[in-house]
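Subject: Structure handover

Hello,

Here is the structure you will be working with. Please open it first, then read the notes below.

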Amino acid sequence: MNEFELIGRYFKRPSPSAVLGVGDDAAIVRPAPGHDLHMSVDMLVEGRHFFADVAPRALGHKTLAVNLSDLAAMGARPRWALLSLALPRADEAWAAEFAAGFFALADAHGVELIGGDTTCGPLTLSVTILGEAPAGRALRRAAAQIGDDVWVSGELGLGALAVRQRLGWLNVNDAELLAAAQHKLEYPEPRLALGAALLPLAHAAADVSDGLLADLGHILDESAVAAEVWADALPSHPALEARRAEFLSCLAAGGDDYELVFTAPPAQRSAIEAAAADCGCRVARIGRVLAGRGARLLDAAGGQVKLDKEGYDHFG
């Protein structure tokens with residue numbers, strides 16, 4: 001099977017919302033009137049971002065999910081995707097499973113694949129995602145304000161727990177917890193509905209991919225403010241509650257969460273909780289924005305908690 005046969009069999013689909021989709025030298029799209037076009041790209045490399053034995057269906061899901069999470073943090077609606085694959089060989093069974101995982105998530109969120117590229121090489125997956133939001137209304141990292149609450153969606157720490165268990169850095173014997181952690185690692189759920197609901201409520205947002213403190217730090221740096229984060233408020237799986245201190249680095253700095261961290265004025269607390277409930281998504285208020293620079297993680301007594309690192313470093 002050559003490159004074009006693989007594309008035609010597993011990745012070429014109709015794209016009715018695009019002016020021109022797969023099959024030409026470039027795709028053509030047209031955002032809805034009164035909307036800005038949002039674009040993001042993420043790359044996943046075997047051995048750096050995923051284990052070599054991950055199921056291809058799960059990998060197809062995650063390849064798209066990490067990009068959708070970026071649009072969720074902007075409050076944007078995803079529309080189109082470009083997919084680039086470097087594959088060690090043209091494995092039809094692998095491609096069929098990968099495509100099934102990718103398109104199951106794409107169809108769930110109305111995303112059309114409109115182009116991309118394939119080549120032979122070490123397994124590397126890259127998606128460029130395009131979406132739209134009402135003009136001038138995106139959630140941006142540079143808009144946090146002193147006095148804002150800091151919030152986060154979902155549960156933290158599970159993806160990092162799965163990775164650390166696999167690497168032998170942890171010894172967790174709770175089968176139910178490990179299953180939940182593995183599912184979170186392989187099938188993250190982008191918070192697109194919540195991101196859109198936050199457009200009139202929040203000031204700033206980011207997706208939590210490299211670790212809560214690291215990604216909150218991007219908001220604080222861009223907004224030239226500081227924040228205190230309450231360690232006891234970080235939302236986690238029920239099985240981790242009694243062992244919070246043991247797994248604090250997973251919760252605060254572990255990465256692979258693909259949740260949203262955002263800031264909003266205190267007057268919006270009830271509206272945020274109602275919006276999250278409508279989206280079927282848990283949210284937790286975990287801190288506040290202050291004058292200064294950087295984030296401080298505080299224990300119940302107000303003392304600062306020091307961690308070895310605040311998040312994942314791709315070159316570390």
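Which residues does UniProt list for "domain: PurM-like C-terminal"? The unreviewed entry gives residues 146–296. Please keep in mind that this is a predicted model. In it, the span 146–296 is 37% helix and 21% strand, and its end C-alpha atoms lie 15 Å apart.

Next, the aromatic rings. Two rings count as a pair if their centres lie within 6.5 Å, and by this rule there are 4 aromatic pairs. One of them joins phenylalanine 98 and phenylalanine 102, with 6.3 Å from centre to centre and 25° between the planes. Planes under 30 degrees apart count as stacked, so this pair is stacked. Both residues belong to helix α3, which covers residues 92–108. They are 4 residues apart there, about one turn of the helix.

Phenylalanine 102 also pairs with phenylalanine 103: the ring centres are 5.4 Å apart and the planes meet at 85°, so this pair is edge-to-face. Trp94, Phe98, Phe102 and Phe103 together make up one aromatic cluster.

Phenylalanine 98 has 0%, so it is buried. Phenylalanine 102 is buried at 1%, and phenylalanine 103 is buried at 8%.

The charged end of arginine 166 sits over the ring of phenylalanine 51, at 4.3 Å from the ring centre.

Regards

How values were computed: Residues numbered from 1 in each chain as written. Predicted model: local features only at pLDDT ≥ 70, side-chain atom pairs only at ≥ 80, totals over all residues. Heavy atoms only, no water. UniProt positions renumbered as here; feature names shortened; annotations may be inferred. Helix = DSSP H or I, 4+ residues; strand = E, 2+ residues; numbered from the N terminus. Phe/Tyr/Trp six-rings, centres within 6.5 Å; stacked < 30°, edge-to-face > 60°. Buried < 20%, exposed > 50% of the residue type's maximum accessible area, 1.4 Å probe, protein only. Lys NZ or Arg CZ within 6 Å of the ring centre and 35° of its normal.
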